[in-house]
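Here is a short walk through one protein chain.

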Amino acid sequence: MLPGQMSGRQVKQEGAKPRAEGGFFPPSCLAPLRGSGEAWSCLRWFSVPQDEIQLTPWRDFPIEDSDPFAPADEEKWDFVLVSDIHEVGSKKEIKRKKFLDELSKKGFTIKKIEDKKLFYGVRAPKQIFQKYQWLLRNPDRRLQNPDAYHDIPVTTRIRIVNFILQNTATPDLEKLRDLMKEKVFEATFPLHEKEEVREFLKEKWARWRDIFRQQPIEKIRCYFGEKVALYFAWLGWYTYLLGFAAVVGLVVFVAGITGFNSSQVSKEICEANTTIMCPLCDQQCPFWLLSDTCTYAKVTHMIDNEGTVLFAMFMAIWATVFLELWKRQRATVVTDWDLYRWDEEEEELAMELINNLQHEPQKYQHSYFRSTIVLLLVLLMIAVLIGITHALVISRVIATAYFTQSNFKFLREKANTMAVMAGAVLHYLTIVIMTKVNRRVALYLCHLEKPRTFSQHENHFTMKIFTFQFFTNFSSLIYIAFFLGRINGHPGNYVRIAGKWRLEECHPSGCITDLFIQMAIIMMLKQTISNVMEYLVPWIAYKLRKKQQQRPKKRSMVLGEDEEAEDPCKRQWLSNYRLNEVNIFSLFDEFLEMVIQYSFTTIFVAAFPLAPLLAFCNNLIEIRMDAIKMMRLYRRMVPRKANDIGIWLQLLEAIGILAVIGNGLVIAITSDFIPVQVYKYMYGPCVAANSTGMDCSTGYINHSLSVFRTQDFEPYTKMPKTLPDFVRDEIQECRYRDYRNADDYSHTVQFWHIFAARLAFLILFEHVALCVKLIAAWYVPDVPQSVKNQFLDRKHSNLRKELSMMEYSTEV
């Protein structure tokens, strides 16, 4: 009997139809062929004539005591379909038979195994892959040797079979996704098999002990396909360069700590024990001394110093260099894979024709009406997200009011800081909830657009979900950075919510510490709780499914035999079925998580120099965690071919531009860097010639505080409690952070000087940073010269061959 031919009794497949010729072949045994740089399946094809596709019961195959992931060679299958055991003659069973019958007509070999579920292993005939190779071969090679077929990679084989399964329609025009919605089939997945590459990845990649080891990108590509390999290549490259940014950020932060007690501004605040500040609320808040916030002022200077400006400029350049170097890295990698000029649309059309020769391509369409509706809905969703930000602001204002009236002294004294921390936690919870909402809305909007291909659908979805997630993650940060303390009014004329609650004020040393606290809490929560849940949930789900399905089995009521004598295929299929389901968003979610992190790391890094360090530590864990999930906890992902990271690169470039704008605004508006510089060179003691040896910022705090007469409080505002050592009538004036005249509370000349300086710095910073980015982009070529020379040599070689063939044919 030929290898791959069925032995023993054979059971006819449900609804099988005869076909002209059949083909059974042993499955792929993955073996790396270094010449191509990819693991190819060494398939040996055997043609076994028979009258019809037959469904082989598992008992007709030899039983071996082997690993669940290591069946005999003749027992490897491309895909497994899982179904509940439906009643004979039921609607679901009829639909299942129709679908399997359509696969039979296309030459698929199908094997059925019955357990608590029905498992159908499917294996595609060799003709499908020969057509694929013929259609997508290099035209020159096709003319030279039209009969030379090479084994295709296992990843390509799985991708082709998946495409055919997803696009096979029953006579009722129902496809596999429709049948899965109707619960005709429960699951469909390719198999993890005990192959050389898989074992290597499990031992050398998907382990926590390999956290500092270089990733085997080539083997990842051989097992999961190019798209997954490019994700890990990008993530590894991002993490590697993030290490340099982390070191610089840490140096800037440590430098700020060393100057913790040396700042003239913080010294003045600590010594201001006679400066009475206006109350922070209307009812029970007392007047307070500026010196009470000495520690807060020192922390602010630790973050807000000259090094922050340099670090913001460095990160703007770093973002550009990172992307340019990644483009070079990507060009080198995909050239080695022979995918640099790969055409996704051509491959899609080829697989459509392989699946159905009568297929007509879906035409590109564009509807202005539909686009307008989608645009309006996107704007409406953005407005909702901004409204949620307003709700977070209101919650912080209310929390501040309640904390100031608390019975606990600590809460009363640290009301503003505690409100910021509570707001950050609430913001994180909002991110978790709105992420799910944003996904549903983005999917609905993509459905309205009706994109032509899966890639178009993915790109449209990516743009929408990233836009929604950006506003969800950063709206609150934008408010703190650019609006907090600037739209709240002033004593006697406060801006109030519902005419009751006052908006928050900035500390006299600036608002940048509030932004630092907000970013620190959100990033730490995202990188701890989110990552723990990301790993624990699938791990627990896998353990529960495994435990539930390993209960002692009863004797079969049909066969009357003990089912413990299992076929290797049954053990393998069950082991794969117990793993967690992989959906089309599995890799997308990982990309989105990293791009949002990249946004945190670059856009507001001026307020949080430790962001690159946190991101670097997180990514070291993230790489191994993703590897472990893919190799041990999830079913095998359907490989997808790609030659770049797609639309994510455009988003990263957009984030790089936003990083320049964001950091420029943080330094110009949020930081006190500009007001201090204006004071030094226009109003400070250094302006006078006789101030040698004095710190130029001496007197800045007193200069930046305005005077308010207590008699001008609003009539309906109750006079707050006074300081313990003062009689209320003796406090005639209090100070607040602003630049206003003491008589009519209008803005002073200093305010407009600082405003002009802020605007000038913002324009200068952004233009310099963007020019440096453009120079860096020009200086670092997107494509290495070695890749260009490789293509040049290849073109030259092909032309020489063509010329030689022409001369030979002429002589003959």
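Accessible areas here come from the Shrake-Rupley method with a 1.4 Å probe. By that method, the protein chain of this predicted model has an accessible surface of about 38,900 Å². Carbon and sulfur atoms account for 60% of that surface.

Now the overall build. The protein chain holds 25 helices and 16 strands. Of its 812 residues, 52% are buried. Take the contacts between residues at least 6 apart in sequence: 79% of them join residues at least 24 apart.

Next, the interior. In soluble globular proteins, nonpolar side chains tend to be buried together. The largest nonpolar core in this model has 144 residues. Trp234, Trp318 and Phe604 have the most contacts inside it. Helix 8 (residues 226-258) gives this core its largest share, 14 residues. What does Trp234 touch, leaving aside its neighbours within four places in sequence? Its contacts are Phe322, Trp326, Phe591, Met594, Ile645 and Leu652.

Tyr132 leads on to helix 2, which spans residues 126-135. Ile128, Phe129, Tyr132 and Gln133 are buried there. Why do these four lie on the same side of helix 2? They cover an arc of only 135° around the axis, so they share one side. The general rule is simple: an α-helix has 3.6 residues a turn, so residues three or four places apart point the same way. What do the buried residues of helix 2 pack against? Their partners are helix 4 (154-167) and helix 12 (344-355).

Conventions: Residues numbered from 1 in each chain as written. Predicted model: local features only at pLDDT ≥ 70, side-chain atom pairs only at ≥ 80, totals over all residues. Heavy atoms only, no water. Buried < 20%, exposed > 50% of the residue type's maximum accessible area, 1.4 Å probe, protein only. Helix = DSSP H or I, 4+ residues; strand = E, 2+ residues; numbered from the N terminus. Arc of directions from axis to C-beta. Contact = heavy atoms within 4.5 Å. Core = buried A, V, L, I, M, F, W, Y, C linked by side-chain atoms within 4.5 Å.
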